Amino acid sequence: MSMETSLPRTELTSPVGRGRIASSDAIRVRGDGGPAIDGSSSPQPSPDTGGNRAERAAIKNPRSEPHFVRIAIITIAIAFLSIFVVLPLILVFAQAFSKGINAYFAALSDPEALSAIRLTLLVAAISVSLNLVFGVIAAWAIAKFEFAGKTVLISLIDLPFSVSPVISGLVFVLLFGAQGFFGAFLASHGVQVLFAVPGIALATLFVTFPFVARALIPLMQEQGTQEEEAAISLGASGLQTFFRVTLPNIKWGLLYGVLLCNARAMGEFGAVSVVSGHVRGLTNTMPLLVEILYNEYQFVASFAVASLLAMLALITLIAKTLLERRLDERDVP
Amino acid sequence: MHRLFLAAAALLWAGSAIAADITLLNVSYDPTRELYTDFNKAFAAAYQKETGKSVEIRQSHGGSGAQARSVIDGLQADVVTLALAYDIDAIAAKGLIGADWQKRLPQNASPYTSTIVFLVRKGNPKAIKDWDDLIKPGVDVITPNPKTSGGARWNYLAAWGFAQKKYGSAEKAKQFVADLYKNVPVLDTGARGATVTFVERGVGDVLLAWENEAYLALREFGADKFEIVAPKLSILAEPPVAVVDTVVEKKGTRAVAETYLKYWYSKEGQEIAARNSYRPRDPQIAKAYEKSFASVELFTIDDVFGGWTKAQKEHFAEGGIFDQIYKN
């Protein structure tokens with residue numbers, strides 16, 4: 001049942017981490033979220049530049065472990081993944097289709113399910129597009145300028161990663177609740193933020209903020225400012241520079257960030273649960289509806305909605321893999 | 001492919017166009033989902049017949065305390081139908097509902113009542129007959145968190161009331177309840193969560209449950225898996241209903257909201273309550289459904305605890321008796 005949220009959430013640990021081991025005979029060390037994307041400029045000593053011959057030999061041959069160790073490690077990894085990822089995923093679909101395909105589609109075309117799907121898409125669209133703008137601006141500021149308090153800004157961007165989603169939701173209750181900071185002001189102007197679309201969008205915006213910025217910062221830092229400087233010295237305006245030089249350079253990283261941002265926006269449960277008010281057919285997103293239906297013993301309906309989220313996770317996974325390949329091609333000339 | 005996508009999109013957005021003449025929001029507690037599904041349908045039909053206007057009632061369900069909190073924080077509920085008077089008092093204390101709310105409708109504004117019973121696994125393998133059996137070693141008791149769940153507070157008070165009557169002092173009652181909570185492996189936030197823990201996940205030997213929730217579990221999962229055990233003595237739970245004054249004034253829905261709640265006191269309303277295993281107030285309907293409820297001697301919260309405000313302060317407030325016993 002927690003599948004649909006846990007898949008995108010695993011990205012938390014490494015929003016941009018794409019550490020991998022090349023299959024060639026030399027290990028390429030890649031920066032994991034650090035400033036350097038390319039291994040050659042990473043702080044770790046590169047195997048090609050330092051160390052004596054023995055060391056190099058050891059590094060050069062990562063397959064020196066005995067045969068059984070390798071088999072054991074691979075078996076453990078596969079078993080772990082099967083039990084914790086593949087099996088639950090299969091079970092979600094098995095439950096969803098347990099009463100046949102008609103029951104499945106009946107569950108999905110229920111007005112409450114449609115409303116939840118609609119709300120989820122709307123909220124994701126709002127939060128992803130806003131985060132796209134803010135993320136690019138924040139990453140731009142951090143990567144291209146030097147200013148006092150820059151590290152504080154970076155930490156602040158990471159804050160939603162380290163704060164429990166429930167707290168993220170409660171923050172907005174404290175701000176926009178009827179008893180909250182802006183409560184009286186909002187009430188007197190007849191604006192409903194909490195327990196309505198704006199509140200849900202805000203909470204989602206908050207928890208998904210780091211994805212775009214985090215994907216862009218290392219990329220933009222690595223690229224430096226020379227190309228922009230060149231463009232400007234050739235007479236390009238600020239906007240021209242951005243759309244002709246910066247954007248083409250970061251587009252794959254940006255897509256990557258947007259993808260993860262979207263996955264989390266659609267899957268978010270905790271923060272949204274706090275600010276939603278759980279009004280049926282109105283303020284329930286898909287993850288909330290999954291829980292509600294489950295608690296009403298409507299297992300087929302619950303897992304039908306869950307299967308949609310799971311499918312989203314799978315699509316995200318595939319798109320992410322393709323994008324990573326794209327990003328890697330850019331790194332390796 | 002494109003056309004398919006467009007069709008799906010059209011289907012998605014088309015659904016949003018349903019509009020009734022009047023929309024009410026009923027913020028309720030956890031186990032009333034099925035009850036209000038029935039009741040809302042019946043009321044909408046009756047109202048349409050009476051006035052020619054269509055009314056749609058939206059529902060929100062959750063732990064009673066948490067739901068009250070949401071209304072205080074600005075959830076625009078026309079009516080609240082919560083698990084206990086204290087939660088509505090909390091909303092009234094913020095000025096959203098008049099302080100006299102419980103006098104506005106008959107019978108303490110509680111059109112249906114319930115009590116706390118035990119749900120055990122088929123064959124009652126741990127031989128649970130009454131409250132005393134719950135504190136035996138090796139018996140796992142499932143009950144939600146009294147801090148967030150109304151049902152859990154009724155559970156707690158029912159146990160306390162039993163022990164006080166049987167052992168004669170508050171001190172001994174405290175010891176009894178402390179022993180009981182030692183047997184509780186997990187505290188869910190709401191009554192429905194606790195039911196799912198017991199029924200679905202198979203945790204625990206006995207579930208302290210609303211009578212209506214216990215019967216619902218029997219209906220949903222079959223009487224071949226669970227049994228209801230009625231203790232000899234339990235508490236009369238009165239889940240109250242109220243119109244949220246500030247919201248209905250703003251939305252102009254006071255008349256409908258009041259009609260909606262009054263419908264509970266009609267024969268149809270009482271019948272719906274009884275069918276959903278809530279004890280009806282109407283003597284005739286109660287008589288007709290006598291067999292659907294266990295015979296349990298009931299005490300009220302006023303008798304034993306001097307009302308909700310006092311009980312809440314003594315037992316469930318920060319640093320209250322529940323905090324003291326659950327810490328140890």
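Over all chains, the count comes to 38 aromatic pairs. The rule: rings of Phe, Tyr and Trp (its six-membered ring) pair if their centres lie within 6.5 Å, with planes under 30 degrees apart stacked, over 60 edge-to-face and the rest tilted. Take Y112(B) and W264(B): ring centres 4.8 Å apart, planes at 65 degrees, so edge-to-face. Y112(B) sits in strand β4 (residues 112-113) of chain B and W264(B) in the loop between α11 (254-262) and α12 (267-275) of chain B, so this pair ties together parts 152 residues apart in sequence. Helices (H or I, at least four residues) and strands (E, at least two) are DSSP runs, numbered from the N terminus.

Y112(B) is buried at 0% relative accessibility, and W264(B) also has 0%. Buried means under 20% relative accessible area, exposed over 50%, partly exposed in between (1.4 Å probe, protein chains only).

Next pair: Y181(B) and F322(B), edge-to-face, 5.3 Å centre to centre, 75 degrees between the planes. Y181(B) is in helix α7 (residues 170-182) of chain B and F322(B) in helix α16 (residues 321-327) of chain B, 141 residues apart. Y181(B) is buried at 6%, F322(B) at 3%.

A word on the model. It is predicted: local features need pLDDT of at least 70, side-chain atom pairs count only at pLDDT 80 or more, and totals for chains, interfaces and linings use all residues. Residues are numbered from 1 along each chain as written, chains are lettered from A and ligands numbered from 1 in written order, and side-chain values use heavy atoms, leaving out hydrogens and water.

Now the backbone. Which non-glycine in chain A has a positive phi of about 60 degrees? F195(A). F195(A) lies in the loop between α8 (183-188) and α9 (197-223) of chain A and is buried at 6%. In chain B, A109(B) also has a positive phi of about 60 degrees. A109(B) belongs to helix α5 (residues 106-109) of chain B, with 0% relative accessibility.

Last, the contact between chains. Chain B gives 29 residues and chain A 23, contact meaning heavy atoms within 4.5 Å. About 2,300 Å² is buried, 61% of that from carbon and sulfur atoms. Buried area is the accessible area (1.4 Å probe) that two parts lose on being put together, summed over both. There is 1 salt bridge between the chains: E296(A) with R33(B), closest N and O atoms 3.1 Å apart. The cut-off is a side-chain nitrogen of Lys or Arg within 4 Å of a carboxyl oxygen of Asp or Glu.
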